[in-house]
Amino acid sequence: MRSVLLTPPVLLVGVLLLTACGPQQSDSRSDRPARVKGDGSSCEESPSGAAAGSGAAVPPGDASGLEKDGVKIVGLSRGGRSCAEFEVTNHQTEPFSYTITFAFLSGSGEALENPGQSVASVMPGETLRRTVTMSRPPSSVRGGAARVRIAKVRSVPTSEAPSPGGPCPPSGLRVYTDDGDAAMGLRAVGLHLENCGTRADRLDGYPQLQLLDEDHRPVDSVKVLQGGDSIATGTGADGVPQPLTLQPGERARATLVWRNTVEAGVGDPVHAPYVRAWAKPDAVPVTVTPELDLGTTGKLGVGPWKKDDTNAPGQGGTAGAHSPEAPSGSARPVRP
């Protein structure tokens, strides 16, 4: 069974109603950067008789769906499509890359689509403006209008962003996760590594992991166990580490395995969306987003690096990436 990425519940408060209007102007508060950089895209279309740029009122109530973790919806339109403009502001001290999941809803609250948008390499203090568009035309939505909210924001340091495709990182190694699998509370996610450099690279043992919460703070309450046998068998996280030599173009895989069991009176459930991973002790860390829903179990199993002979993403293979830049991977059965 393919695991499903968890997103916050779809709420009817804090959403923008996509009506016949153009983009709103961003506010001029002193704590916002003076300049907003766009990519040339906008939601400028408007139906006949509607004045573009006329703005729209934000519904009263909780505005948490309009602004979250440095992302803010600032404009909207539905001239032949349902579209929203949003801004991403980096409040960190180093460049960050963002993945935002939006929720388009009908006027009655029916979930329509959950498109994702990636915004790479936002500099400290910089604000970038982008657009997100629903693929369904407004005419297919009951009432001809849709609502939009920010469902989830994930961000990682650009220097540690996963790279399932595109130019080879300076380290010569691509690291990324796949979509994972789930069965009866058991979770398994593959951590993939590809040697995209020009020299052979050696692996021996287990990747080193650091779990991070939604605020990028270390999660110290979870034990990271070498091997997954103590959690479940048949997940791919078992076996004894073997020295591997990866020639340019070759790949390896390590499996993360855990349960999401919640027991009363044991403690609070742990959700660690981020994992900082070192392929080997002297490697450059990469921050991936496997969305670890660890329940109250307090442990995560990690398997040894193993040779991966499947094709890389984009080459017709079965290894897909959790990141939006790469296609989804195929399911891998696990036994509870």
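This dialogue goes through several features of a predicted model, one at a time.

Student: What share of the residues in the protein chain is buried?

Tutor: Of the 336 residues in the protein chain, 48% are buried. The accessible surface comes to about 15,700 Å², and carbon and sulfur atoms account for 50% of that surface.

Student: What share of the contacts in the protein chain joins residues 24 or more positions apart?

Tutor: Among contacts with a separation of 6 or more, 74% are between residues 24 or more positions apart.

Student: How should I read a nonpolar core, and which residues have the most contacts inside the largest one?

Tutor: The general idea is that nonpolar side chains tend to be buried together in soluble globular proteins. In this structure, the largest nonpolar core has 29 residues, and Leu 211, Leu 300 and Trp 305 have the most contacts inside it. Strand 18, residues 251-259, supplies the largest share of this core, with four residues. A second, separate core has 19 residues, including Phe 104, Leu 112, Val 122 and Val 153.

Student: Which residues is Leu 300 in contact with, leaving aside its neighbours within four places in sequence?

Tutor: Among them are Leu 209, Leu 211, Val 222, Ile 231, Leu 256, Trp 258 and Leu 292.

Student: Is Arg 251 buried or exposed?

Tutor: Residues under 20% relative accessible area count as buried. Arg 251 has a relative accessible area of 10%, so Arg 251 is buried. Arg 251 is placed in strand 18. The C-alpha atoms of Arg 251 and Asp 309 are separated by 6.9 Å, although these residues are 58 residues apart along the chain.

Student: Where does Ala 232 lie?

Tutor: Ala 232 lies in the loop between strand 16 (223-226) and strand 17 (244-246). The relative accessibility of Ala 232 is 6%, and therefore Ala 232 counts as buried. From C-alpha to C-alpha, Ala 232 and Gly 301 are 9.1 Å apart in space, while in sequence they are 69 residues apart.

Student: How do I read aromatic pairs, and how many does the structure hold?

Tutor: The structure holds two aromatic pairs. Phe 86 and Phe 102 form a tilted pair, at 4.9 Å centre to centre with 50° between the planes. This pair links distant parts of the chain, with Phe 86 in strand 5 (residues 82-89) and Phe 102 in strand 6 (residues 96-106), 16 residues apart. Both Phe 86 and Phe 102 are buried. For Phe 96 and Tyr 98, the ring centres are 6.5 Å apart and the planes are at 45°, so this pair is tilted as well. Phe 96 and Tyr 98 are also buried.

Student: Which residue lies over the face of Tyr 274?

Tutor: Arg 154 lies over that face, at 5.9 Å from the ring centre of Tyr 274.

Student: Which residues does Pro 115 touch, not counting residues up to four places away in sequence?

Tutor: Pro 115 touches Ile 100, Thr 101, Phe 102, Phe 104 and Val 132. Pro 115 is found in the loop between strand 7 (111-113) and strand 8. With a relative accessible area of 17%, Pro 115 is buried.

Student: Which cysteines form a disulfide?

Tutor: A search of the whole structure finds one disulfide. Cys 168 and Cys 196 form this disulfide, with their sulfur atoms 2.0 Å apart. The link is right-handed, with 75° about the S-S bond. Cys 168 lies in the loop between strand 10 (146-157) and strand 11 (173-177), and Cys 196 lies in the loop between strand 13 (186-195) and strand 14 (201-203). Cys 168 is partly exposed, at 31% relative accessible area.

Student: How should I read phi, and what is the value for Asp 69?

Tutor: Most residues other than glycine have a negative phi. Asp 69, however, has a positive phi, near 50°. Asp 69 lies in the loop between strand 3 (67-68) and strand 4 (71-77). Ser 121 has a positive phi near 55°. Ser 121 is in strand 8, residues 116-122, and is partly exposed, with a relative accessible area of 36%.

Conventions. Residues are numbered from 1 along each chain as its sequence is written. This is a predicted model: local features need pLDDT of at least 70, side-chain atom pairs count only at pLDDT 80 or more; totals for chains, interfaces and linings use all residues. Side-chain values use heavy atoms; hydrogens and water are left out. Rings of Phe, Tyr and Trp (its six-membered ring) pair if their centres lie within 6.5 Å; planes under 30 degrees apart count as stacked, over 60 as edge-to-face and the rest as tilted. Helices (H or I, at least four residues) and strands (E, at least two) are DSSP runs, numbered from the N terminus. Buried means under 20% relative accessible area, exposed over 50%, partly exposed in between (1.4 Å probe, protein chains only). A charge sits over a ring if NZ of Lys or CZ of Arg is within 6 Å of the ring centre and within 35 degrees of the ring normal. A disulfide is a pair of cysteine sulfur atoms within 2.5 Å. Contact means heavy atoms within 4.5 Å. Accessible areas come from the Shrake-Rupley method with a 1.4 Å probe; for residues, only the protein chains shown count as cover. A nonpolar core is a set of buried Ala, Val, Leu, Ile, Met, Phe, Trp, Tyr and Cys residues joined through side-chain atoms within 4.5 Å.
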